[in-house]
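Please follow each point on the structure as you go.

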Amino acid sequence: MTAADAARTEAAGLPLHHLRDGSGPPLVLLAGIGMDGSAWAPVLDRLTPERDVWRVDLPGFGGSAALTGEPPGIGALAGAAERFFAAAGLGRPHVAGNSLGGAVVLELARRGSVASATALSPVGFGSALEGEFARLSLLATYAIAERLRAHAPVLLRRPRLRRWLYGQMYARADRLTPLAAYRSMSVMLDGTGFHATLAAFHGHRVEGPLAAPATIAWGTRDALLLPTGELRARRALPEARHRWLRGCGHIPMSDDPAQVARVLLEGSAG
């Protein structure tokens, strides 16, 4: 966290760690498994002139403590988000999420707890085989990161290694700076919730109908949750707006910040 980020942190008395920037209607951003609010940094400058942006760390990641007393599945994470909204006085904010965070915001939309939901490559639409592929891929990424971490500050200076390690997540992994790549690795390994959360949401299926407007956007180069999930999402949630993120991977924010910010602003405009 930079000094500027620390100055913007609003942690007093609230149940989840977060960073807040900008002005306008509130927009809460939830990242994927093993990530924190820094995942949204590439799009932040495009959002803050028009939205009061809250980058919230899900339980067990970043600065947020893990849940106790219940498995950290999608329903439990949605409940934690609802408690955060109440404690922060946000009412029913606009929300957006990526991957795991995408499934959480769709659950919030199903409950009617939010004004709108925008989900980028959300979990919950793959087949059983695709879900197992994603689970094993995430476990492999974690194990490789553990082995590389001691030497990562030097190794991640090489664009070819960044493409190899993060190519399944990002369409343009070589665009990640060495510092951003190392921070992403550290957030994943330092969080206490990775394995428990992965086990708890494995096999999750997104259900409708939705009680709030929703947009679902899928990267055309997503190599973790295959774009075939987008076709299932259209069938499962026909009431949602469906978009493609052209040329983007599973974590699209750094692949094409302008395109992703446009989808987030359109999704939270109502």
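1. The largest nonpolar core has 83 residues, and those with the most contacts inside it are Leu47, Phe85, Leu120 and Tyr166. A nonpolar core here is a set of buried Ala, Val, Leu, Ile, Met, Phe, Trp, Tyr and Cys residues joined through side-chain atoms within 4.5 Å, where buried means under 20% relative accessible area, exposed over 50%, and partly exposed in between (1.4 Å probe, protein chains only). Helix α4 (residues 100-111) gives the largest share of this core, seven residues; helices (H or I, at least four residues) and strands (E, at least two) are DSSP runs, numbered from the N terminus.

2. Please keep the basis in mind: this is a predicted model, in which local features need pLDDT of at least 70 and side-chain atom pairs count only at pLDDT 80 or more, while totals for chains, interfaces and linings use all residues. Residues are numbered from 1 along each chain as its sequence is written, and side-chain values use heavy atoms, with hydrogens and water left out.

3. Not counting residues up to four places away in sequence, Phe85 touches Val28, Leu90, Gly91, Pro93, Val95, Leu108, Ser113 and Val114, contact meaning heavy atoms within 4.5 Å.

4. Leu77, in helix α3 (residues 74-88), counts as buried at 1% relative accessibility. Leaving aside neighbours within four places in sequence, Leu77 is in contact with Pro59, Leu67, Pro72, Leu100, Val104 and Thr197.

5. In helix α7 (residues 159-166) the buried residues are Leu161, Arg162, Leu165 and Tyr166. Seen down the axis of α7, these fall within an arc of 105°, so they line one face of the helix, the arc being that of the directions from the helix axis to the C-beta atoms. They pack against α5 (128-148), α6 (152-155) and α8 (178-190), whereas the face turned away from the buried side carries the exposed residues Arg160 and Trp164.

6. How do α5 and helix α9 (residues 194-201) pack, and at what angle? Their axes lie 11 Å apart at an angle of about 175°, which makes α5 roughly antiparallel to α9. Axes are lines fitted to C-alpha atoms, for helices over the stretch in contact, with angles running from 0 to 180 degrees between N-to-C directions, and over 145 degrees counts as roughly antiparallel. The contact is made by Arg135, Leu138, Leu139 and Tyr142 of α5 and Phe194, His195 and Leu198 of α9.

Methods
Parallel < 35°, antiparallel > 145°, perpendicular 65-115°, else oblique.
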